[in-house]
Amino acid sequence: MEITRPQWTSTLYLLLFLLVLEPCFVRSAEFDPYKILGVGRRASQAEIKKAYKTLAREWHPDKNKDPSAEDMFIKISKSYEILSNEERRANFDRYGQMEENQPFGQSPHQGFRSFHHSFYFDESFFQFPRSREFADSKYLLHHAQFNSEVLPDSFRRPYLIKVTSEWCFACIHIEPVWKETVEELEPLGVGIGIIDLGYERRLSNQLGAHRAPSIIGLVNGRVSFFHQAVVREHLRQFIEDLLPSTLVQKVLGNYLSFLEAWQVENKPSVLLFDQVPVVPLLYKLTAFAFRDYVRFGYVDQGATHNSRLLRQFNINTYAPTMLLFKEDTQNPVDIIQARGMKKQIMDEFVTNNKFLQVPRLVNQQLFDELCPIKQFHRRRKFCVLLITDQDQAFAPGNKAFLDFAAANKKDVLRFAYVYQQHQQPLCQALLRNQATLSPQVVLLERRTQAGKVLFRSVGGGWNGSEEDKYRLYGEIELLQKDPSYLSSDATLPELNNEMAPIFIIRWLNAVYDYFLQVYDELLYSNWREMMPILSLIFSALFILFGTVIIQAFSEPGENKPQKPKSKEQPPSRPPKKDFVEVTELTDITYTSNLVRLRPGHINVVLVLSDASKNVLLRKFAKEVFSFSGTQTLHFSFLNLDKHRHWMPALLRSARPGDLEDEQDFSDFTGHVLALNGHKRYFCLFRPVFTGDESGGDSSLSDASVCSSRKSRSRSIELHHKLDRLGLWMERLLEGTLPRVHVPAWPSLDPHSSTSHS
């Protein structure tokens, strides 16, 4: 029987593979992890972990220059793999060998060409491309996606990222462990990512990951490398160590001190009761995601000093229980109890109770969430704001306001309070710079992102009496019936962040993170990787000492500062208020601004003449300024003196019945059109005069006086033509305006008979 060349090649590879693996099987019988770690067969997990850390630090190949350090470190890591897992340890104690499908660790006879971040896998044994599994494709990260999505999301949950490559034999070894870790951590809320070193070199350089395999942890935008043996327990502990240590407070006996801290931190409190002595990782991840809104505490049900607490709240010791407290520290406002506590249940429970019943406005983010901007009529939210102070004399009034809010809960109402001495710019804008010593209640509705609000102060102040409650209740009822009851408007400044740490604390935290990163690099990086940092340090020292030497030998007269020449600088102009970019519709801009306008976009066009241009444009900019932040709205104007035929042509092309027949279109000045170029329809605003047209006493017969009054009357009428434009714009955004459809847009050129379809 003749052997073909492919069969002969496969047979040769198989023989080579068996020859290489033969020493592994021979030495497996001689391998004793207990002797290597120097522990007894009854050693606890804590003793095994301590022995492993001591030996791994001693025999690390980057620190120990002994030729056998690499082999010894592999044996130490492999021993810890077996003994740290109870199932593998029991298998070794019974049969004297490891599992056949041991996913990591390798024989000391294999090469150790590249030792990076304590990964003890060889990349030169076999070199062949592997096909990527379909399950990994959803975790692949790209440079733009990482910076726009993953990096901001790392402030809400930690990420575990694997750096791999198509030509990486060591990456195949860690695949089983990686899959087990992903299946365990992803349901808990840990983000998972994979970076292909061959395709995402730019992203890997940004993270400092230059070799595969590497495992990275990302929390709060900070990158940390995993340096231990690739074991599922190690990866879980790695993620847990990245989280801040102050996320969850252990409550021992006296729980009131924990719950009463809501007055200082302005947050609800959550207590988790469970039987395990350590805080579960799922609870820590939930606390990390909602740390800006809620305080988290943990109660160990097995501790003897917590038995009174369990009886007080009637806790079932057979299932984990979560209690949520707000201003009342004796009675929880919500409770959940489940044997298999899932992330979705916890997230929904905390999301529904993120705020106190009457929270204090301490920053702009909290104000934006409590009092959202009005978008549609059905989504209106009115904010009932108490302006008070933290002095003890105001405590009864503040407590009465809390009781009133608890008794008048409604979806459209949000109750909050603010300390006047901490938020003075906000209070001055709402109180019209009027000095007041008594608390005041303000009803307001936010209208724009720029800070514009409509508000109304409740007369009589607030002392918490029954009369004050009755008056406030009546004001709220009137407001819900007629939103125009808010008669005053103002532009509020951004709130001061009362919870922001002082500068020195932020600076110390930044310095601590920097030195921690440098220490990590010095401990686990080799000299080649440290060359850029060392070069930067030596360059800084050279510049520093060079500057000192030059100054020491320079003449004294050279160091005298020269007085700069005084130059008169022109006074800076203050920024223009109510600025809106308005484009004129011409033969050039007509097609792009109307006919070919993108779907969903609307062009708001003001019709004017040369005589009325300055007055109407100024009024137009003031009325539409609050709507200029909308991305789908564009603003233009059409000059009747240049294109007088266009408006009649547009109205003649309207479908029969869309326009009212009795309307008089003799004067188009001051009309506003909302043109939808894609769907070919427009909405029409006709000026409505709201001023006083009387010219004074009609008995006066002097010709010059009459002429002057007629001119003044025309000026006032022109100025008031756009008085109702703001209300019309609101109806436009709500979609309640009647639409006039046209088959085609007329041309701006009066001599052209073609229309734009």
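Is Leu281 buried or exposed? Leu281 is buried, with a relative accessible area of 2%; buried means under 20% relative accessible area, exposed over 50% and partly exposed in between, with a 1.4 Å probe and protein chains only. The model is predicted, so local features need pLDDT of at least 70 and side-chain atom pairs count only at pLDDT 80 or more, while totals for chains, interfaces and linings use all residues. Residues are numbered from 1 along each chain as its sequence is written, and side-chain values use heavy atoms, with hydrogens and water left out. Helices (H or I, at least four residues) and strands (E, at least two) are DSSP runs, numbered from the N terminus.

**Leu281 and its surroundings**

- Leu281 lies in helix H13, which spans residues 281-289.
- Not counting residues up to four places away in sequence, Leu281 touches Leu185, Leu188, Arg236, Glu240 and Leu243; contact means heavy atoms within 4.5 Å.
- Leu281 and Leu243 are separated by 38 residues in sequence and by 9.9 Å in space, C-alpha to C-alpha.

**The sheet with strands E5 to E9**

- Five strands make up an open sheet in the order E5-E7-E6-E8-E9, and the pairing is mixed; two strands pair if DSSP finds at least two bridges between them.
- Strand E5 (248-250) and strand E9 (334-337) are at the edges with a single partner strand each, so one side of each has no neighbour in the sheet.
- Neighbouring strands are turned by 20° against each other on average, direction ignored. Axes are lines fitted to C-alpha atoms, for helices over the stretch in contact, and angles run from 0 to 180 degrees between N-to-C directions.
- Strand E6 (residues 269-274) and strand E7 (residues 295-300) run parallel and are joined by six bridges.
- Along this pairing, Ser269 has Arg295 in E7 as its bridge partner, and Leu271 stands opposite Gly297 in E7.
- E6 and E8 run antiparallel and are joined by five bridges; Phe273 stands opposite Thr321 in E8.

- E6 is mostly covered, with six of its six residues buried.
- In a regular strand the side chains alternate between the two faces of the sheet.
- In E6, Ser269, Leu271 and Phe273 point one way, Val270, Leu272 and Asp274 point the other way, and all are buried.
- From E6 the chain crosses through H13 to E7, and this β-α-β crossover is right-handed; that is, with the strands pointing away from the viewer, the path from the first strand over the helix to the second runs clockwise.
- Helix H13 lies across E5, E6, E7 and strand E8 (321-325), and runs at about 165° to E7.
- Helix H15 (residues 343-351) also packs on the sheet, where it touches E7, E8 and E9, and its direction makes about 175° with that of E9.

**The sheet with strands E10 to E14**

- An open sheet of five strands has the order E11-E10-E12-E13-E14, with mixed pairing.
- Strand E11 (413-419) and strand E14 (488-491) stand at the edges; each has a single partner strand, so one side of each is left without a neighbour in the sheet.
- The twist from one strand to the next averages 35°.
- Four bridges pair E13 with E14 in the antiparallel sense, and Phe455 has Ser488 in E14 as its bridge partner.
- H19 packs on this sheet and touches strand E10 (382-388), E11, strand E12 (440-446) and E13; its direction makes about 15° with that of E12.

**Aromatic rings**

- The structure holds 16 aromatic pairs. Rings of Phe, Tyr and Trp (its six-membered ring) pair if their centres lie within 6.5 Å; planes under 30 degrees apart count as stacked, over 60 as edge-to-face and the rest as tilted.
- Phe401 and Trp462 have ring centres 5.8 Å apart and planes at 90°, so this pair is edge-to-face.
- This pair links distant parts of the chain, 61 residues apart: Phe401 is in helix H17 (residues 395-407), and Trp462 is in the loop between strand E13 (452-457) and helix H19 (466-481).
- Phe401 and Trp462 are both buried.
- The ring centres of Tyr417 and Tyr419 are 5.6 Å apart with planes at 65°, so this pair is edge-to-face.
- Tyr417 is buried at 14% relative accessible area, and Tyr419 counts as buried at 12% relative accessibility.
- Phe401, Phe404, Phe415 and Trp462 form one aromatic cluster.

**Arginines over rings**

- Arg291 lies over the face of Phe288, 4.2 Å from the ring centre. A charge sits over a ring if NZ of Lys or CZ of Arg is within 6 Å of the ring centre and within 35 degrees of the ring normal.
- Arg446 lies over the face of Phe367, 4.9 Å from the ring centre.
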